[in-house]
Amino acid sequence: MTRGRSLRSQLYRDARIMGDLQAAAKGPGAYAKRYARRKTYAKTNSATRAILRALGLSR
């Protein structure tokens, strides 16, 4: 049996899905901007996390 998701993670996931749906409703340009922004944030957050981990300040 797998562990269920926490309520908080489920709410964040649902909010992310709703944001995607709202952007998609505005058209492909809005969705493309959202997609690009999320990918950029993921890359910069990953780099920041790697630096902090190297310094022993993150898990």
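Asp-20 lies in helix H1. The model is a predicted one. In that model, Asp-20 counts as buried because its relative accessibility is 18%, and buried means under 20%. Leaving out residues up to four places away in sequence, Asp-20 touches Tyr-31, Arg-34 and Arg-38.

**The salt bridges**

How many salt bridges does a search of the whole structure find? The search finds two. Asp-20 forms one with Arg-34. The closest N and O atoms of that pair are 2.6 Å apart. Asp-20 sits in helix H1 and Arg-34 in helix H2, so the pair ties together parts that are 14 residues apart in sequence. Asp-20 and Arg-34 are both buried.

Through shared partners, the salt bridges join Asp-20, Arg-34 and Arg-38 into one network. Arg-38 counts as partly exposed, at 36% relative accessibility.

| Salt bridge | Closest N and O atoms |
|---|---|
| Asp-20 with Arg-34 | 2.6 Å |

**Tyr-31**

Tyr-31 is another contact of Asp-20. Tyr-31 lies in helix H2. Its relative accessible area is 34%, so Tyr-31 is partly exposed. Which residues does Tyr-31 contact, leaving aside neighbours within four places in sequence? They are Asp-20, Ala-23 and Ala-24. The C-alpha atoms of Tyr-31 and Gly-19 are separated by 9.4 Å. Along the chain, Tyr-31 and Gly-19 are 12 residues apart.

**Helix H1**

Helix H1 covers residues 7-26, which makes 20 residues. From its first C-alpha to its last, H1 reaches 29 Å. That is close to the 28 Å expected at 1.5 Å a residue.

Which residues of H1 are buried? They are Gly-19, Asp-20 and Ala-23. Seen down the axis of H1, these buried residues fall within an arc of 100°, so they line one face of the helix. They pack against helix H2, residues 28-54. The face of H1 turned away from the buried side carries exposed residues: Leu-7, Leu-11, Met-18, Leu-21, Gln-22 and Ala-25.

Gly-27 follows H1. The phi of Gly-27 is positive, near 125°.

**The chain as a whole**

The secondary structure of the protein chain comes to two helices and zero strands. How does the radius of gyration of the chain stand against that of a compact globule? The protein chain has 16 Å, whereas a compact globule of 59 residues would have a value near 10 Å. The C-alpha atoms fill a box of roughly 45 × 35 × 15 Å, taken along the principal axes.

Buried residues make up 8% of the 59 residues in the chain. Asp-20 and Arg-34 are both buried. The chain exposes about 5600 Å². Carbon and sulfur atoms supply 58% of that area.

Terms used:
Residues are numbered from 1 along each chain as its sequence is written. This is a predicted model: local features need pLDDT of at least 70, side-chain atom pairs count only at pLDDT 80 or more; totals for chains, interfaces and linings use all residues. Side-chain values use heavy atoms; hydrogens and water are left out. Helices (H or I, at least four residues) and strands (E, at least two) are DSSP runs, numbered from the N terminus. The expected span of a helix is 1.5 Å times one less than its number of residues. Buried means under 20% relative accessible area, exposed over 50%, partly exposed in between (1.4 Å probe, protein chains only). The arc is that of the directions from the helix axis to the C-beta atoms. Contact means heavy atoms within 4.5 Å. The radius of gyration is taken over C-alpha atoms; the globule rule is 2.2 Å times the number of residues to the power 0.38. Accessible areas come from the Shrake-Rupley method with a 1.4 Å probe; for residues, only the protein chains shown count as cover. A salt bridge is a side-chain nitrogen of Lys or Arg within 4 Å of a carboxyl oxygen of Asp or Glu.
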